[in-house]
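Please read the points below beside the sequence and the model.

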Amino acid sequence: MSKLIFSFAVILSGLAFGVLIQTLVNRKAITLPLRLDQLRKGLQKTALLFLNPVAIVGALWAVNLESIRLAALPFNGLFAILAGGALALGAARLLRLEPRKTGALFCCGSFTNIGSIGALVCFVFLGEEGFALVPIYKILEELSYYSIGFPIAKFYSGSEKTENAFDRVKSLGKDPFILVALASIVLGGLLNWSGVHRPEFVRILVSIFVPLGTVLLLTSIGLALKFRRVRDFLKECVSVSLIKFFFVPILASSLAYLLGFGTIDDGLPLKVVIILSSMPVAFNALIPPSIYDLDLDLANSCWFFTTALLMIILPLLLVVLRMMHP
């Protein structure tokens, strides 16, 4: 129960604080030295370029990385993302959605909240050993979004924008967020393999930086969050929820089981896959609808609906994990 309360407290406090600041600024009740978009980017940079990298290095330093089968973990993550997108396209066909809604639904089915909420849940439920596997699981996430997700979203928009998938993928090599994340994985792995003992203060830093990074990221989301009428898109929200919380977890976890993840480190990689493949729509799913003139209200509703369902999903995940061997 304490794990659930802590998870909900971190998630809700981050979002609520961001929404509160946005509301107060818009009503001119307070004046900030920065614009909301500048504050949002500043919080994201602090979390992604400082807090998260330190936590990743510290966690990877101590985790068991001996099994060569962990090399398949990023592809398990990629499979979950692609499966979600494919299922969303199938759902859009069954619902007979127009192209603009189909593109938005695809983004919601594919783009998943791994980095903030997923990482936090792994840390709280599985400890820093589980958190350490999150950056490995999501190595191919950004690449799949820009090389596959954005082009498919653009296809359904009929957009005439000149940007292409190759340019987006090429830009990944210059993205500081991706470079820092990869450098953190490499450094943490080298320290792990070096055999150097990890100081106790590093464990303390990890235990502080993981939830703090999540709070900053969710606060940044709250600063830009726009509420819409979910009831107008109830069928789409339910469809995405079934994809996110039922079909994708079953498919991704089955693949992880077949890869033998259940026999590694007391099933830790399998548990990580179960958690990360059961996360809600990512806030990044709102980006393609924004730039390609897809149905942004639909995407926003699916994000809010699936995130709210965490009140049910997290307790269920905890039950499933406890049913597995310790």
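Is lysine 28 buried or exposed?

1. Lysine 28 has a relative accessibility of 73% and therefore counts as exposed. The classes used here are buried (under 20% relative accessible area), exposed (over 50%) and partly exposed (in between), computed with a 1.4 Å probe on protein chains only. Lysine 28 belongs to the loop between helix H1 (2-26) and helix H2 (36-62). Its phi is positive, about 60°, although the residue is not a glycine.

2. Arginine 96 is another non-glycine residue with positive phi, near 55°. Its place is the loop between helix H3 (73-95) and H4. With 77% relative accessibility, arginine 96 counts as exposed. Helices (H or I, at least four residues) and strands (E, at least two) are DSSP runs, numbered from the N terminus.

3. On provenance: this is a predicted model, in which local features need pLDDT of at least 70, side-chain atom pairs count only at pLDDT 80 or more, and totals for chains, interfaces and linings use all residues. Residues are numbered from 1 along each chain as its sequence is written, and side-chain values use heavy atoms, with hydrogens and water left out.

4. The protein chain has a mean pLDDT of 87, and 92% of its residues reach 70 or more; pLDDT is the predictor's confidence in each residue, from 0 to 100. Among the elements of the chain, the lowest mean pLDDT, 62, belongs to helix H7 (residues 165-172), and the highest, 96, to helix H10 (residues 234-258).

5. How do H4 and H13 pack, and at what angle? Helix H4 (residues 99-110) and helix H13 (residues 296-308) have axes 8 Å apart, at an angle of about 25°. H4 is therefore roughly parallel to H13. Axes are lines fitted to C-alpha atoms, for helices over the stretch in contact, and angles run from 0 to 180 degrees between N-to-C directions. Angles under 35 degrees count as roughly parallel, over 145 as roughly antiparallel, 65 to 115 as roughly perpendicular and the rest as oblique.

6. In the contact (heavy atoms within 4.5 Å), H4 contributes Lys101, Ala104, Leu105 and Cys108, while H13 contributes Leu298, Ala299 and Cys302. By class, these residues are 6 nonpolar, no polar and 1 charged. Nonpolar covers Ala, Val, Leu, Ile, Met, Phe, Trp, Tyr, Cys and Pro; charged covers Asp, Glu, Lys and Arg; the others, Gly among them, are polar.

7. Phenylalanine 246 is in helix H10 and, at 42% relative accessibility, counts as partly exposed. From leucine 133 it is 113 residues away in sequence and 22 Å away in space, C-alpha to C-alpha.
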